[in-house]
Amino acid sequence: MQSLVKRLLAKVESIQTKHQPAKGTFTLSASQPALLPLLETVPENKSYSSNLKDIFATEYRLLRPRAPMPAFDVRFYPFTGINTTIRLREGKALVRLSDMLEGAPESVLRAIAHILLAKLYRKPVDATHANRYRRHLGSDAVTRRAEQVRRSRGRKNVLTAQGHHYDLDEIFEQLNRQYFHGLLGRPVLTWSAHSARRLLGHYDAAHNTIVVSRVFDRAETPRYAIEYLVFHEMLHLKHPVQVKGGRRCVHSREFQRDEKMFPDLDKVKEFLKKL
Ligand SMILES: [Zn+2]
């Protein structure tokens, strides 16, 4: 009797898992295929004749003709790889596509939609779709784009507050205590990637980042020069750009008054002029 109940329960469970979507997040990982793929022979229409949601809805219908349709939330994300994920949350299917797939031919996006949905609902993956996706990953365009993205993202990672001689975070904290009662929230501070002489420092409000030219990160640079540059950019944090009568006022009167708090301003300006 006991074993019969057990067997029945096991059967129910297996039916449930068969008909219910799998739990968790499904990743379509995309390491480059080892073999160079055949060329895509069908000419592709690069324009998105239908949007991503429609693509997913169509592929869903083909895969599950009678099941209720979940709402799709499909977005491109800046992933480092070409990985793409799908998961169900509160009846919504959340799809995250690597932004490296932006501009991919529609047939490739269709293939991806099919593969992700098949994995989610435990259905066999159609071979045509699988091949199309694999070929796309191996195509020259994708390899080049992946390389480009890696390079541009790599460059961002080079940015750092800790230079060879000076640490911008440490300088910021000192100035914050000295002139701002420690009240300024610390933005991202970074040395520039290149030793620019034209742009010595700037505050990027959109990214809340203070950038100081790499030119100053050397032993010969007096500390007060770097302190001044960081101080100036900190004033931009304190005094956001004002718009008066349609004109942008970057260094307002209040800004200039505060700047005079910095000691030996003349000495600093003299140093910067010689640069
Ligand atoms: Zn300024």
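The legends below describe close-up views of a predicted model.

**View 1. The three-stranded open sheet of the predicted model.** The sheet is open and has 3 strands in the order β5-β7-β6, with mixed pairing. Because β5 (188–191) and β6 stand at the edges, each with a single partner strand, one side of each is left without a neighbour in the sheet. From one strand to the next the twist averages 15°. β5 and β7 pair in the parallel sense over 4 bridges, and within this pairing Trp 191 has Val 212 of β7 as its bridge partner. Helix α6 (residues 168–180) packs on the sheet and touches β5 and β7, and the direction of α6 makes about 130° with that of β5.

**View 2. The hairpin of β6 and β7.** Strand β6 (residues 201–204) and strand β7 (residues 209–212) run antiparallel and are joined by 4 bridges. Across this pairing, His 202 stands opposite Val 211 in β7. The hairpin has 4 residues between the strands, and Asn 208 takes a positive phi near 45° there. Helix α7 lies across both β6 and β7, and the direction in which α7 runs is at about 25° to β6.

**View 3. The packing of helices α7 and α9.** Two packed helices are described by the angle between their axes and the distance between the axes. For helix α7 (residues 223–238) and helix α9 (residues 265–274), the packing angle is about 100° and the axes are 10 Å apart. With angles of 65 to 115 degrees counted as roughly perpendicular, α7 is therefore roughly perpendicular to α9. The residues that meet are Tyr 224, Ala 225 and Tyr 228 in α7 and Val 268, Phe 271 and Leu 272 in α9. Sorted by class, the contact of α7 with α9 has 6 nonpolar residues, no polar residues and no charged residues.

**View 4. The largest nonpolar core, and another core apart from it.** In soluble globular proteins, nonpolar side chains tend to be buried together. The largest nonpolar core of this model has 22 residues, of which Leu 109, Ile 112, Ala 113 and Leu 116 touch the most other members. At least two residues of this core are supplied by each of α2 (52–63), β4 (92–98), α3 (106–120) and α4 (127–138), and the largest share, 9 residues, comes from α3. Another core, of 18 residues, lies apart from this one, and its members include Tyr 166, Ile 210, Ile 226 and Val 268.

**View 5. Positive phi at Glu 90, in the loop between β3 and β4.** Although Glu 90 is not a glycine, its phi is positive, at about 45°. Glu 90 is found in the loop that lies between β3 (84–89) and β4. With 7 other C-beta atoms within 10 Å, Glu 90 is exposed, given that a residue counts as exposed at 12 or fewer.

**View 6. Positive phi at Arg 122, in the loop between α3 and α4.** Arg 122, a residue other than glycine, has a positive phi near 50°. The position of Arg 122 is in the loop between α3 and α4. Arg 122 has 12 other C-beta atoms within 10 Å and is therefore exposed, since the exposed class covers residues with 12 or fewer such atoms.

Conventions: Residues are numbered from 1 along each chain as its sequence is written. This is a predicted model: local features need pLDDT of at least 70, side-chain atom pairs count only at pLDDT 80 or more; totals for chains, interfaces and linings use all residues. Two strands pair if DSSP finds at least two bridges between them. A nonpolar core is a set of buried Ala, Val, Leu, Ile, Met, Phe, Trp, Tyr and Cys residues joined through C-beta atoms within 7 Å. A residue is buried if 20 or more other C-beta atoms lie within 10 Å of its own, exposed if 12 or fewer, and partly exposed in between; C-beta atoms are placed from the backbone. Axes are lines fitted to C-alpha atoms, for helices over the stretch in contact, and angles run from 0 to 180 degrees between N-to-C directions. Angles under 35 degrees count as roughly parallel, over 145 as roughly antiparallel, 65 to 115 as roughly perpendicular and the rest as oblique. Two residues are in contact if their C-beta atoms, placed from the backbone, lie within 7 Å. Ala, Val, Leu, Ile, Met, Phe, Trp, Tyr, Cys and Pro count as nonpolar, Asp, Glu, Lys and Arg as charged, and the others, Gly among them, as polar.
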